[in-house]
Amino acid sequence: MKKLPFDNEIKTLRFMSNEMTQSDLGTKVGVTRQTIAAIEQGKYSPSLEVAFRIAHIFSKPLEDVFIWRD
């Protein structure tokens with residue numbers, strides 16, 4: 001499977017947020033734990049809405065959560 005052209009800091013942000021679980025984040029965003037795991041691993045590209053929801057939960061701008069690789 002081809003890796004997506006961007007990285008993310010979701011796992012780090014979860015850890016820094018009282019070690020939030022993938023399940024907890026998924027519930028807050030409105031997706032499954034499996035979706036969060038796939039996004040973290042770079043196997044799934046989230047919709048723009050989901051990406052913004054994730055950034056909002058961590059009170060971070062989108063570019064601090066998802067980093068484009070050149």
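The questions and answers below concern the structure shown above.

This is a predicted model, in which local features need pLDDT of at least 70 and side-chain atom pairs count only at pLDDT 80 or more, while totals for chains, interfaces and linings use all residues. Residues are numbered from 1 along each chain as its sequence is written, and side-chain values use heavy atoms, with hydrogens and water left out.

Reader: At what angle do helix 2 and helix 4 pack?

Author: Two packed helices are described by the angle between their axes and the distance between the axes. Helices (H or I, at least four residues) and strands (E, at least two) are DSSP runs, numbered from the N terminus. Axes are lines fitted to C-alpha atoms, for helices over the stretch in contact, and angles run from 0 to 180 degrees between N-to-C directions. For helix 2 (residues 22-29) and helix 4 (residues 48-57), the axes are 10 Å apart and the angle is about 115°.

Reader: Is the crossing of helix 2 and helix 4 left-handed or right-handed?

Author: A crossing is left-handed if the near helix is turned anticlockwise from the far one by less than a right angle, and right-handed if clockwise. The crossing in which helix 2 passes helix 4 is right-handed.

Reader: How many nonpolar, polar and charged residues does the contact of helix 2 with helix 4 have?

Author: Contact means heavy atoms within 4.5 Å; by that rule Leu 25, Lys 28 and Val 29 in helix 2 meet Val 50, Arg 53, Ile 54 and Ile 57 in helix 4. Ala, Val, Leu, Ile, Met, Phe, Trp, Tyr, Cys and Pro count as nonpolar, Asp, Glu, Lys and Arg as charged, and the others, Gly among them, as polar. The contact of helix 2 with helix 4 therefore has, by class, five nonpolar, no polar and two charged residues.

Reader: Which exposed residues does helix 2 carry on the face turned away from its buried side?

Author: Buried means under 20% relative accessible area, exposed over 50%, and partly exposed in between (1.4 Å probe, protein chains only). In helix 2, Gln 22, Leu 25, Gly 26 and Val 29 are buried. Seen down the axis, the buried residues of helix 2 fall within an arc of 100° and so line one face of the helix, the arc being that of the directions from the helix axis to the C-beta atoms. The face turned away from this buried side carries the exposed residues Thr 27 and Lys 28.

Reader: Why are the buried residues of helix 4 on the same side, and what arc do they cover around the axis?

Author: The buried residues of helix 4 are Val 50, Ala 51, Ile 54 and Ala 55. They lie on the same side of helix 4 because they cover an arc of only 135°.

Reader: Against which elements do the buried residues of helix 4 pack?

Author: On the other side of helix 4, Leu 48 and His 56 are exposed. The buried residues of helix 4 pack against helix 1 (10-16), helix 2, helix 3 (33-40), helix 5 (62-65) and strand 2 (66-68).

Reader: Against which elements do the buried residues of helix 3 pack?

Author: Within helix 3, the residues Ile 36, Ala 37, Ala 38, Ile 39 and Glu 40 are buried. The packing partners of these buried residues are strand 1, helix 1, helix 2, helix 4 and strand 2.

Reader: Is the pair of Phe 6 and Phe 66 stacked or edge-to-face?

Author: Rings of Phe, Tyr and Trp (its six-membered ring) pair if their centres lie within 6.5 Å; planes under 30 degrees apart count as stacked, over 60 as edge-to-face and the rest as tilted. The count by this rule comes to one aromatic pair. The ring centres of Phe 6 and Phe 66 are 5.9 Å apart and the planes stand at 75°, so the pair is edge-to-face.

Reader: How many residues apart are Phe 6 and Phe 66?

Author: Phe 6 counts as buried at 14% relative accessibility, and Phe 66 counts as buried at 13%. The pair links distant parts of the chain, with Phe 6 in strand 1 (residues 6-8) and Phe 66 in strand 2, and the separation is 60 residues.

Reader: Which residues does Leu 13 touch, not counting residues up to four places away in sequence?

Author: Leu 13 is placed in helix 1 and is buried, with a relative accessible area of 8%. The C-alpha atoms of Leu 13 and Ala 55, 42 residues apart along the chain, are separated by 9.6 Å. With the stated sequence neighbours not counted, Leu 13 touches Phe 58, Lys 60 and Val 65.

Reader: In which loop is Ser 59 found?

Author: Most residues other than glycine have a negative phi. Ser 59 has a positive phi of about 55° although it is not a glycine, and Ser 59 is exposed, with a relative accessible area of 66%. Ser 59 is found in the loop between helix 4 and helix 5.
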